[in-house]
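Open the model in your viewer and keep the selection panel at hand. The tour goes from stop to stop.

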Amino acid sequence: MAEELALPEVELRARISKKWHAYPPDVLPLWLADMDFRPAEAVRSAVLEAAEAGQFTYPLDAEHRGVAQAFAARMRDRFGWEAGADRVAVLADLVQGLTTSVMAFSEPGDGVVIFSPIYPPFMRSIEVSGRKVVDVPLAEEADGFVIDFDLLEQQAARPDVTLMLLCHPHNPTGRVFTDAELRRVSGIAAEHGIVVVSDEVHADLVYAPHRHTVFATVSEAPTVTLQSATKAFNIGGLRCGLMHFGSEPLHRRFLEVFPDRSLGRVSGLAAAATVAAWSGGDAWLGDVLETLEANRRQVFQWVSNHPSVRAHMPEGTYFAWLHFARLPANVTSAQEFLLRSAHVALHAGQEFGAPYTSWARLNFATSPRILRKALNRMTAAMPAPLIGHPARPCPPDNNGTPLRETRT
C-alpha cells in the first residue's frame with residue numbers, strides 16, 4: 001500500500017516541481033513541504049472534469065462560497081467546531097493570511113509573539129510589515145518541546161504586543177498542543193488584549209493517540225483561524241486557503257484594511273479541488289497517515305542508531321526536527337553538511353530561527369524506499385566519531401534486498 005501510494009523516484013524527477021528541481025539530480029530532496037504521493041482520486045477527478053469541460057472562465061461567487069461551506073462542514077464533522085461559513089475570507093494561500101493578519105490586527109512598530117523554531121513566513125510576515133518579532137522560544141524537555149509560559153507571560157505583558165501567531169500543529173517540531181496548553185495560551189492572550197492568529201493547516205496530519213483541538217474552540221481571546229486542504233491533501237500548487245474570523249468585529253476590521261477583491265480571487269479549479277478534498281478525500285488521507293506513520297517510525301529507528309542525532313517523535317505533521325550535536329568544524333550548518341556530504345537536501349534549521357544552525361527539518365512524506373536511501377546516505381556520510389559507533393544502514397526493503405545505489 002505504501003509503495004503504491006508513493007510516486008517512484010523516476011516519475012518525481014520527471015515532474016516540474018520546486019522540491020525535485022531546486023538541487024542537482026544526484027540529491028535526494030527531503031526539504032520542501034510537498035508529499036511525494038499520488039493525489040486523491042476525488043481531487044484528480046474534480047480537476048480533470050473541469051479541464052475536460054474547458055472551465056477556465058471567471059468562477060461564480062458561489063464557488064468561493066462552496067469552499068467556505070466545505071470548510072464549515074469539515075470543521076464540524078472532524079473537529080466538533082461549529083465554525084459556520086459566514087465570517088470567512090477565501091485566499092490564495094495561508095502565507096497571505098499571515099501577512100494580512102499582521103497588517104490588519106497590529107500597527108507598525110507593534111510587537112507580534114511567535115514560538116520559535118517556526119515556519120519561516122511567520123517571521124517574514126512580521127518583518128516585512130514593519131512590526132517587531134517577539135520570540136517565545138519553545139523549551140526543549142526530555143519528552144519534547146513545550147511552551148515556556150513564564151516567558152510568554154512576560155512577553156505578552158509588554159505594552160507594544162498586540163498580536164500572537166500560533167502554529168498548531170507546530171511546524172517544524174511536530175508538537176500537537178494539548179487542550180490545557182491551548183487554554184493557558186488563550187488566557188494569557190485574553191488578559192492582555194492580544195489577538196491570536198492560529199495557523200492549523202496540519203490539523204488533519206496528527207498521529208494517535210494525539211488529537212487536534214481547534215484553538216478557537218477553547219479560546220477566550222479574539223481568534224482568527226487559518227485553514228486549508230493544501231498540506232493534508234498535497235494540493236499546494238492549486239493555491240487555496242481561508243481565514244475564519246472568530247467575531248464580527250474582527251471580520252469588519254479585516255475588511256476595512258483589505259476590502260473585497262483587494263487580495264484577488266482563487267481560481268474555480270482550486271476551489272473545486274479544495275471542496276473535493278474535504279468532502280471526498282478521507283479514504284485517501286487514511287492511507288497517507290498509515291504511510292506517514294511507518295515512515296515516522298523508520299526515521300526514529302534511524303535516530304536511535306545515531307547517538308549524536310537528537311529528535312523528538314512528532315505528534316503531527318510529516319516533519320522530523322533533527323539536531324546534529326557534533327558537526328565537523330568546517331561546515332556552518334547541518335543542512336550544508338548533509339547536502340555536501342550525503343547529497344541529501346533537508347530544510348536548513350537556521351531558516352526557522354537564527355540559533356538553529358545545527359538543526360534541520362526532514363520531510364518524511366515520501367516513499368519508504370526513497371526515505372531509506374536518504375537515511376542510508378546520511379549514515380554513510382557521518383564519520384564514526386560523529387555517530388558514536390559503526391554506522392548501521394536502514395533495514396532492507398520488503399523483498400529482503402539491501403538498497404544499493406551508485407553515486408554520480
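Contact here means heavy atoms within 4.5 Å. This is a predicted model: local features need pLDDT of at least 70, side-chain atom pairs count only at pLDDT 80 or more, and totals for chains, interfaces and linings use all residues. Residues are numbered from 1 along each chain as its sequence is written, and side-chain values use heavy atoms, with hydrogens and water left out.

**Stop 1: Tyr 356**

Select Tyr 356, in the loop between S14 and strand S15 (359-363). Helices (H or I, at least four residues) and strands (E, at least two) are DSSP runs, numbered from the N terminus. Leaving aside residues up to four places away in sequence, Tyr 356 touches Ser 116, Pro 117, Pro 137, Trp 321, Gly 349 and Gln 350. Its relative accessibility is 11%, so Tyr 356 counts as buried. Buried means under 20% relative accessible area, exposed over 50%, partly exposed in between (1.4 Å probe, protein chains only).

**Stop 2: helix H14**

Select residues 368-381. H14 has 14 residues and reaches 20 Å from its first C-alpha to its last, close to the 20 Å expected at 1.5 Å a residue; that expected span is 1.5 Å times one less than the number of residues. Is H14 mostly covered or mostly open? Twelve of its 14 residues are buried, among them Pro 368, Leu 371 and Met 378.

**Stop 3: salt bridges**

A salt bridge is a side-chain nitrogen of Lys or Arg within 4 Å of a carboxyl oxygen of Asp or Glu. The structure holds 21 of them. Lys 373 is buried, at 17% relative accessibility.

Next, select Asp 282 and Arg 74, another salt bridge (2.8 Å, N to O). Asp 282 is in helix H12 (residues 282-304) and Arg 74 in helix H5 (residues 61-79), so the pair ties together parts 208 residues apart in sequence. Arg 74 is buried, with a relative accessible area of 4%, while Asp 282 is partly exposed at 36%.

Finish on Arg 239 and Asp 93, whose side chains meet in a salt bridge (2.6 Å, N to O). Both count as partly exposed, Arg 239 at 42% and Asp 93 at 22%.
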